[in-house]
Amino acid sequence: MTDSAARRTQGPGGEPAGEPGSGPGAGPRAEVRRVARVVLLDPDDRILLLHGYEPDHPEQTWWFTPGGGLEGAETRQEAALRELAEETGITDIDLGPVLWTRYCSFPFDGRRWDQDEWYYLARTRRTEAAPRPQALTELENRSLAGLRWWTSAELSAARETVYPTRLAELLRTLLDEGPPRAPVVLAPEIV
């Protein structure tokens, strides 16, 4: 099944209805971290990505979108805005709809992380020449190397690891066709 064939319906506020792994036949599974991520585009349609690495192995690097886990009773929208501000210092944005959802599981800092991620579209009217993190956690301080704006062409030509792994293709489709009518459910990504 293609990602576009696996679209979800939307709930109030444009968020996907339901949670991955819920519903009939879902069965028990490990606790899954609820995550909000931001696909932040500037006026030139460049995307902002963070450069991360394994704390004990700094040679293992990758690029990824800003975002993180929900805290307390905050909504995914609130988490997306908070995480973007903490990780980049950027607060002047228009938060749009959920573009994609995915389940991912990966090893990091000595443990396995299982995440249910929602990717929100966001636009900023101005480009920060050098965005600066404002409030990183101890783990983020040990695992972030920086951030930068990428054009779609740069992302498509990148030889570095980028998550989600299809981000270049997804961004090109977004720029060509606009946001999907309902969030696209991406294939699970297990590393």
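User: What relative accessible area does Asp92 have?
Analyst: Let's start with the scale: under 20% relative accessible area is buried, over 50% is exposed, and partly exposed sits in between (1.4 Å probe, protein chains only). Asp92 counts as partly exposed in this predicted model. Its relative accessible area is 28%.

User: What kind of model is this?
Analyst: Residues are numbered from 1 along each chain as its sequence is written, and side-chain values use heavy atoms, with hydrogens and water left out. Local features need pLDDT of at least 70 and side-chain atom pairs count only at pLDDT 80 or more, while totals for chains, interfaces and linings use all residues, since the model is predicted.

User: Which residue forms a salt bridge with Asp92?
Analyst: A salt bridge here is a side-chain nitrogen of Lys or Arg within 4 Å of a carboxyl oxygen of Asp or Glu. For Asp92, the closest N and O atoms of the pair are 3.0 Å apart, and the partner is Arg125.

User: How many residues apart in sequence are the parts that Arg125 and Asp92 tie together?
Analyst: Helices (H or I, at least four residues) and strands (E, at least two) are DSSP runs, numbered from the N terminus. Arg125 lies in the loop between S6 and helix H2 (138-143), and Asp92 in the loop between H1 and strand S5 (93-108). Arg125 is exposed, at 52% relative accessibility. The pair ties together parts whose separation in sequence, in residues, is 33.

User: Arg76 and Asp116 also meet in a salt bridge; what is the N to O value?
Analyst: Both of these residues, Arg76 and Asp116, are buried. Their side chains meet in a salt bridge with an N to O value of 2.7 Å.

User: Which residue forms a salt bridge with Glu71?
Analyst: Glu71 is partly exposed, with a relative accessible area of 46%. A network of salt bridges links Glu71, Glu74, Arg82, Glu83 and Glu86. In the pair with closest N and O atoms 3.4 Å apart, the partner of Glu71 is Arg82.

User: How many salt bridges does a search of the whole structure find?
Analyst: Some background first: side chains of opposite charge can pair when their charged atoms come close. Searching the whole structure, the number of salt bridges found is 15.

User: How many helices and strands does the protein chain have?
Analyst: From the N terminus on, the elements run β-β-β-β-α-β-β-α-β-α-β-α-β-β. That comes to 4 helices and 10 strands.

User: Is Asp42 buried or exposed?
Analyst: Asp42 lies in the loop between S1 and strand S2 (47-54). Contact means heavy atoms within 4.5 Å, and leaving aside neighbours within four places in sequence, Asp42 is in contact with Arg123, Thr124, Thr127 and Trp149. At 0% relative accessibility, Asp42 counts as buried.

User: Which residues in H4 are buried?
Analyst: An α-helix has 3.6 residues a turn, so residues three or four places apart point the same way. The buried ones in H4 are Leu167, Ala168, Leu170, Leu171 and Leu174.

User: Within what arc do the buried residues of H4 fall, seen down its axis?
Analyst: The arc is that of the directions from the helix axis to the C-beta atoms. Exposed Asp176 and Glu177 sit on the face of H4 turned away from its buried side. The buried residues line one face of the helix, so their arc is 165 degrees.

User: Which residues does Leu170 touch, not counting residues up to four places away in sequence?
Analyst: Leu170 is found in helix H4 (residues 167-177). Leu170 is buried, with a relative accessible area of 8%. What covers the buried residues of H4 includes S1, S2, S5, S6, helix H3 (152-157) and strand S8 (162-163). Leu170 itself touches Trp100, Pro164 and Leu186.
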